[in-house]
Amino acid sequence: MRLNERYMFSMAAAYALTTAILAAFNEDRLDLYLSVYIIEYFVLTLLHSPLKPKTSRMLDATGYALFAIFVIIVAIQVWEILFGGAFL
Amino acid sequence: MSEDVNAVVIGPAPAGKTATASPFYMLGASLLIGGSLLAATSYLILHYVPLTALGLSTVILAAVSFALGRGQPRIPPEVSSMLLDSGLENTAAIIEELGISSKAVYLPSGIAGGKPRALLPILPSAQPETTIQRLPNRLIVRYGQGAEEMGLLVNTLGSAAVGRFGLENLQGGDIEGALSSVLTGATDLADSVKVVQSEQLITVEVINPRIEHKNLKVFENIGSPLASIVASVISEVTGGPVTINSESRSGNKLVVELRALALVSMPEREGAM
């Protein structure tokens, strides 16, 4: 199996497994699912580096977007801890 | 040339499609549409978080698939194979016409006029050992003080591979990391690389190489295409000349043994041929 295919397959497997495990524990916090997905994205991308330069550039852009989402999730959690109640 | 140069084949058998028709793009589009629909319906209608999360993870997979699609070749691999064939044929013709039988010395970009190249001494007895001056960017060069110390400075597949990856990413790094970056990352020519170094001898194991070829006569001088890439990368990383001692294929791996030559830099000669 080539590097590209291994990367895609391992990420799909990781996401499916994560969803199944969290769903089995009756987890219904969407931000938790997203946080785990984002961490898995960065770990698996790092483990499969280096990829082709064009691929790496687009994955970097995706990584920035996911990191921004992660920061927003953390900020909301901090807001809720500091000021209590739901953010939205 | 008695050998069949057309025997060089880049495998596995390609589909010959452009990047826009790449399977990764098709997969990405499918995942994006499917994931978006799943996330929207699960969140708005079913109000079921695990399915919503699954839809969002599918959208992330779509982005990854698009990214992988961008790295697919834009020209059919058959065309690349033809370009490789013609390049090798030209190099082989020059070497054969000049009756050169010496082994190539792979030089880093700092010595070889801006990019890593292979120096083929015209006389085998004048093999450079420790002293190679900074060479001009020409085909025929004088690399030493003696009148017989002349050779051909040719581009190899390794020159192109190293140039494609970027010289600044290789210089001063570790050999195994650099080879892995070029062979498994930038060019996808192998699954993995192992390097064992003992003093001047460097043994490189390339696992599952994806360039196949017959033994052409020109490979006795410059090494096989994969060995050429390995030698160019090592030369660039170490910043010194490297020669290919031997190469052998056993099972699914190619073993290349190289020797790093000690380098004594000399200033560039004005008017060198």
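What share of the contacts in chain A with a separation of 6 or more comes from residues 24 or more positions apart? Exercise 1 works through this.

The model is predicted: local features need pLDDT of at least 70, side-chain atom pairs count only at pLDDT 80 or more, and totals for chains, interfaces and linings use all residues. Residues are numbered from 1 along each chain as its sequence is written, while chains are lettered from A and ligands numbered from 1 in the order in which they are written.

**Exercise 1. Describe chain A.**

Step 1. List the elements. Chain A has three helices and zero strands, in the order α-α-α from the N terminus. Helices are DSSP runs of H or I with at least four residues, strands are runs of E with at least two, and both are numbered from the N terminus.

Step 2. Take the contacts. Two residues are in contact if their C-beta atoms, placed from the backbone, lie within 7 Å. Among contacts in chain A with a separation of 6 or more, 54% join residues 24 or more positions apart.

Step 3. Check burial. Of 88 residues in chain A, 18% count as buried. Buried means 20 or more other C-beta atoms within 10 Å of the residue's own, exposed means 12 or fewer, and partly exposed lies in between; C-beta atoms are placed from the backbone.

**Exercise 2. Follow α1(B) to its end.**

Step 1. Compare spans. Helix α1 (residues 23–46) of chain B has 24 residues and reaches 32 Å from first C-alpha to last, close to the expected 34 Å. The expected span is 1.5 Å times one less than the number of residues.

Step 2. Find its buried residues. They are B:Phe24, B:Gly28, B:Leu31, B:Gly35, B:Leu38 and B:Ala39. Their cover includes α2 (49–70) of chain B.

Step 3. Look past the helix. B:His47 follows α1(B), in the loop between α1 and α2. B:His47 has a positive phi of about 55 degrees although it is not a glycine. B:His47 counts as exposed because it has 10 C-beta neighbours inside 10 Å.

**Exercise 3. Classify the packing of α4(B) on α5(B).**

Step 1. Get the angle. The axes of α4 (residues 157–165) and α5 (residues 175–186) of chain B come within 10 Å and cross at roughly 90 degrees. α4(B) is therefore roughly perpendicular to α5(B).

Step 2. Name the residues. α4(B) uses B:Ala161, B:Val162, B:Arg164 and B:Phe165; α5(B) uses B:Ser181, B:Val182 and B:Ala186. By class, that is five nonpolar, one polar and one charged.

How values were computed. Axes are lines fitted to C-alpha atoms, for helices over the stretch in contact, and angles run from 0 to 180 degrees between N-to-C directions. Angles under 35 degrees count as roughly parallel, over 145 as roughly antiparallel, 65 to 115 as roughly perpendicular and the rest as oblique. Ala, Val, Leu, Ile, Met, Phe, Trp, Tyr, Cys and Pro count as nonpolar, Asp, Glu, Lys and Arg as charged, and the others, Gly among them, as polar.
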